[in-house]
Amino acid sequence: MTDAPPLSVYALGKSYGGVPVVDGLSFTLEKGRCFGLLGPNGAGKTTTLKLCLGLAIPDSGAITLSSCAIPKEAKRARAKVGVVPQFDNLDPDFTVRENLRVFARYFGIRPAEIEPRIPWLLQFSGLENKADARIDTLSGGMKRRLTLARALVGDPDILFLDEPTTGLDPQARRLIWERLKTLKNAGKSLLLTTHYMDEAERLCDILIIMDRGRKIAEGTPHELIARHIEAEVVEISDGSASGALECFLADWQTNALPDFRLERGNETAFFYCQNAEPLLTRLTNTPSLRYVHRASNLEDVFIRLTGHELRD
């Protein structure tokens with residue numbers, strides 16, 4: 001029995017065409033925890049997962065997965081890892097139950113071992129009534145739950161989840177979240193990439209924010225919010241397209257309240273502060289403006305650290 005963490009990454013580097021995609025990245029996934037990789041498109045998240053699984057060869061650094069050196073012992077390590085890819089790759093020629101059976105064969109799991117496990121996998125994914133359904137009859141949420149169940153066929157210690165809820169409706173996302181919390185409570189270790197900041201806040205014990213392959217922040221969601229952003233946010237928009245927001249902001253240039261930081265979006269102004277009351281008082285005299293007063297969150301941190309622009 002070892003106390004080594006399920007995954008350890010040190011000074012990891014990978015370039016394509018001379019452009020760094022992963023640049024000196026280090027982190028550790030502890031047992032029974034969820035570790036998140038956050039970043040805009042092109043930040044290096046999916047490449048990092050591929051490197052950790054031995055599906056790509058690093059230019060530099062060291063990776064230990066399930067006490068195995070990667071990529072040298074990747075095949076042995078992957079026997080203890082379940083993977084939920086970014087896009088579903090279920091076999092459309094098989095039913096739900098058959099997808100689980102066939103996937104088990106890839107891991108060398110005998111029918112006598114997998115058959116007793118299939119009812120639990122179906123129950124876990126909420127697909128008991130869809131066991132004999134064809135893949136093309138399933139909703140997007142059902143397919144993602146089946147992909148998660150399939151990753152558990154070999155009862156892995158570690159799960160790699162690459163944007164597991166992208167494209168799902170809120171109800172389906174929350175069901176996936178509940179299943180992942182159940183796995184974590186059972187001692188499974190999760191490595192998660194996601195574009196959803198609320199998902200990261202709900203699931204991750206610790207996370208890093210990446211940009212252009214480099215780690216730019218690390219901590220628990222609450223630590224990152226406290227460290228990098230003010231406590232409160234007031235979002236202001238022009239509810240009637242009357243130009244009231246521009247007038248308000250023009251007045252702000254000459255009559256700004258102290259201790260407020262202004263960020264402009266396309267249609268919204270974001271005021272960050274420790275105490276919003278003075279601004280809220282001023283807004284009561286501008287009824288044509290819409291505003292939302294809320295606590296700051298991980299999305300505010302993400303935008304401040306990586307920038308507003310979207311990158312493909």
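Predicted model: local features only at pLDDT ≥ 70, side-chain atom pairs only at ≥ 80, totals over all residues.
**Strands, a pocket and a cavity**

Visitor: Okay, so which strand pairs with β5, in what sense, and over how many bridges?

Guide: First, the general idea: strands of a sheet pair through backbone hydrogen bonds, and they can do so parallel or antiparallel. Here, β5's partner is β4, which covers residues 60-65, and the two are antiparallel over 3 bridges.

Visitor: How many strands does the open sheet have, and in what order?

Guide: There are 4 strands in this open sheet, and the order is β2-β1-β4-β5, with antiparallel pairing.

Visitor: Now for the empty spaces. How do I read those?

Guide: Picture rolling a probe the size of a water molecule over the atoms; that shows where empty space is left. In this model, the largest pocket has a volume of about 530 Å³.

Visitor: Which elements give two or more residues to the lining of the largest pocket?

Guide: Those are α1 (45-52), β6 (81-84), α6 and β7 (158-162). The largest share, 4 residues, comes from β6. The lining has 23 residues, and L53, L55, V83, V84 and P85 lie nearest the centre of the pocket.

Visitor: How do the residues of that lining divide by class?

Guide: The largest pocket's lining has 14 nonpolar, 5 polar and 4 charged residues.

Visitor: How many cavities of 30 Å³ or more are there?

Guide: The count is 1 cavity of 30 Å³ or more, and the largest cavity holds about 40 Å³ of space. Its lining is made of V84, R144, L148, L161, P164, I176 and L180. Two elements give two or more residues to that lining: α6 (140-151) and α7 (170-185).

Visitor: And what classes of residue line the largest cavity?

Guide: There, you'll find 6 nonpolar residues, no polar ones and 1 charged.

Key. Residues numbered from 1 in each chain as written. Heavy atoms only, no water. 1 Å grid on protein atoms, 1.4 Å probe; cavity = no way out; pocket = protein on both sides within 12 Å on 5 of 7 lines; lining within 4 Å. Points joined across faces, edges and corners; volume = space filled by probe spheres on them. Nonpolar A, V, L, I, M, F, W, Y, C, P; charged D, E, K, R; others polar. Pairing = 2+ DSSP bridges.
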